[in-house]
Amino acid sequence: MNTTHKEKCSGCNKNILAGHTYLECTKCSSIIHKKCFNMSNTDLVNFRYVCTNCRLSKPQIYNPFKEFTDSHHSKDLDDKFYAEDFLETFDTVRRANEILDSCQYHKLSLAHKHFGNKTEFSTLFYNIDGNFTNFDTFAAEISLQKIDFSVIALAETNVGKEKGNLFRLVNYNHFYNEKLPNKSKGTGVCLYIHSSLNATINEKLCTVTANLEALFVSINSGVTKINVGVVYRSPNSDPALFLEELVHLNSNLPKNSKSILLGDFNFDLLKSSNTQTQDFENTFLSLGYFPLISRPTHSINNQQYSCIDNILTNFIDAVTNTGVIEDLASHHKPVIANFNLNNSYKANSNSKPKILQHYNFSRKNIESLSHELESKHNEILACPDFEPFFEIFTTAVENNCKLDKPKTSKRNALNNPWITESIVDAIATRERLYDSWKASKRSGVFSPAGDTKLEKKFKDYRRCLKQLSNILNCD
């Protein structure tokens, strides 16, 4: 930015001079000294500076994936031999970006158009701030709208198992956890599971400590099993201990299981420069969870917006819609998310996906690759670090294994899981037998038909392999 006309700092109201370090608001372009920003209570939003006026006039949206997806394009990577895993990760991050971008506010009276229908698995989380105070109103609102959520999770119920039976929802089975001993407010979690679903409480994952309260059930949806948990962290708890306990809790979940965590985590995701928020974000991402809510979920007197309530899941491919209910009279707003379990877990039997193949890692090409790498033995040993070695290796792969023209094929591990390494070796043996028989034809020693013993050996082997293939490939 040109500062020759001496623009003023929005923090100290002094001139911004040449050489001064400053930040520019991404919304209105007002600027502030870096030192003034450091002394203020303002936080970066998604690693970008937004001035106080803009923050108050329009709540920000949380989306840490947007810059990554904007700066990377899969088409630049899809012809690299090492790109398959990266592209899978890129697609996941791109989907996470789409979900957070599309998260919207909804009025409860209109929410039934998008959530709570019987064709999808729908979830709602609400910090109810006391069952005795707010449950009847909440239950009446839900009943009036005739919304059939699959799961309703509540936090800060301020009641335990014994009194949980006083609070019922029609067509729902309820599970209450014990509240924190000697605490009357800011404690207690529960789950309401629609009576059409088979739910079993997982006692090993139910915990109540000063840092973390959690209650988990296992739900059989008819399509798959899902772990659903409600989590609450008090704002007065130790953030580091909460994260340690959350990691330990997750380690007790069944391996590779599909999970949904609904809760009030009391980490404001809009404050991306806050170290505690960063630790929370790094923790749930490292565990394989993605957040589904990007809009502010909590405010005080329509200001001091924060995104502390969220829904985390490790299978975002099933997510179809997310949002925040904006018109319930509470500091906390309910958060909601829909999952299409059929699309996520049932493959279309009528369609076999094609794989775009850019490389041919045949035995012959691998041998050629090995020879080239052996010829560069001294050059490889002289590499000071990994980067120049990687350049030599990728160049060798490009030279020996890359196809002149990419080809598509339905013959892949997804469509043909029965093709094992042993069968691949058997196919290679068949090809060698054929080559031997073919060479005997050209030798001049045998008749034009070649060596009859080699011919018989090849054809017998081919017949056995074909029979084996038919057996393994039968439905």
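1. A charge sits over a ring if NZ of Lys or CZ of Arg is within 6 Å of the ring centre and within 35 degrees of the ring normal. With that rule in hand, look at R233: it lies over the face of F242, at 6.0 Å from the ring centre. The charged end of R233 also sits over the ring of F267, 4.1 Å from its centre.

2. Please keep in mind that this is a predicted model, where local features need pLDDT of at least 70, side-chain atom pairs count only at pLDDT 80 or more, and totals for chains, interfaces and linings use all residues. Residues are numbered from 1 along each chain as its sequence is written, and side-chain values use heavy atoms, with hydrogens and water left out.

3. Now for the overall picture. The protein has 14 helices and 20 strands; these are DSSP runs numbered from the N terminus, with at least four residues (H or I) for a helix and at least two (E) for a strand. Of its 475 residues, 43% are buried (buried means under 20% relative accessible area, exposed over 50%, partly exposed in between, with a 1.4 Å probe and protein chains only). Among contacts (heavy atoms within 4.5 Å) with a separation of 6 or more, 65% join residues 24 or more positions apart.

4. Because 7 of its 8 residues are buried, β11 is largely enclosed by the rest of the structure. Strands pair if DSSP finds at least two bridges between them. Strand β10 (residues 213–220) runs antiparallel to β11, joined by 8 bridges, while strand β12 (residues 258–264) pairs with β11 in the parallel sense over 7 bridges.

5. Which residue of β11 is the bridge partner of F216? That is G229, and G229 also stands opposite L261 in β12. In the hairpin of β10 and β11, with 4 residues between the strands, G222 takes a positive phi near 95°.

6. Is T322 buried or exposed? T322 counts as buried because its relative accessibility is 1%. T322 is found in strand β17 (residues 319–325), and its side chain reaches the backbone oxygen of L292 at 3.2 Å. Leaving aside residues up to four places away in sequence, T322 touches I99, S102, C103, Q104, H106, F115, L292, I293, I336 and A337.

7. Next, the aromatic rings. Rings of Phe, Tyr and Trp (its six-membered ring) pair if their centres lie within 6.5 Å; planes under 30 degrees apart count as stacked, over 60 as edge-to-face and the rest as tilted. By this rule the count comes to 18 aromatic pairs. One of them is the tilted pair of F386 and F389, 5.9 Å centre to centre with 55° between the planes. Both residues lie in helix α12 (residues 386–401), 3 residues apart, about one turn of the helix. F386 counts as exposed at 56% relative accessibility, whereas F389 is partly exposed at 29%.

8. Y434 and F458 form a tilted pair too, at 5.3 Å centre to centre and 50° between the planes. Y434 lies in helix α13 (residues 421–442) and F458 in helix α14 (residues 452–473), so the pair ties together parts that are 24 residues apart in sequence. Y434 is partly exposed at 33% relative accessibility, and F458 is buried at 6%. Elsewhere, F132, F135, F167, Y176 and Y192 form one aromatic cluster.

Key:
Polar contact = N/O pair within 3.5 Å; in protein donor to acceptor, adjacent residues only side chain to side chain.
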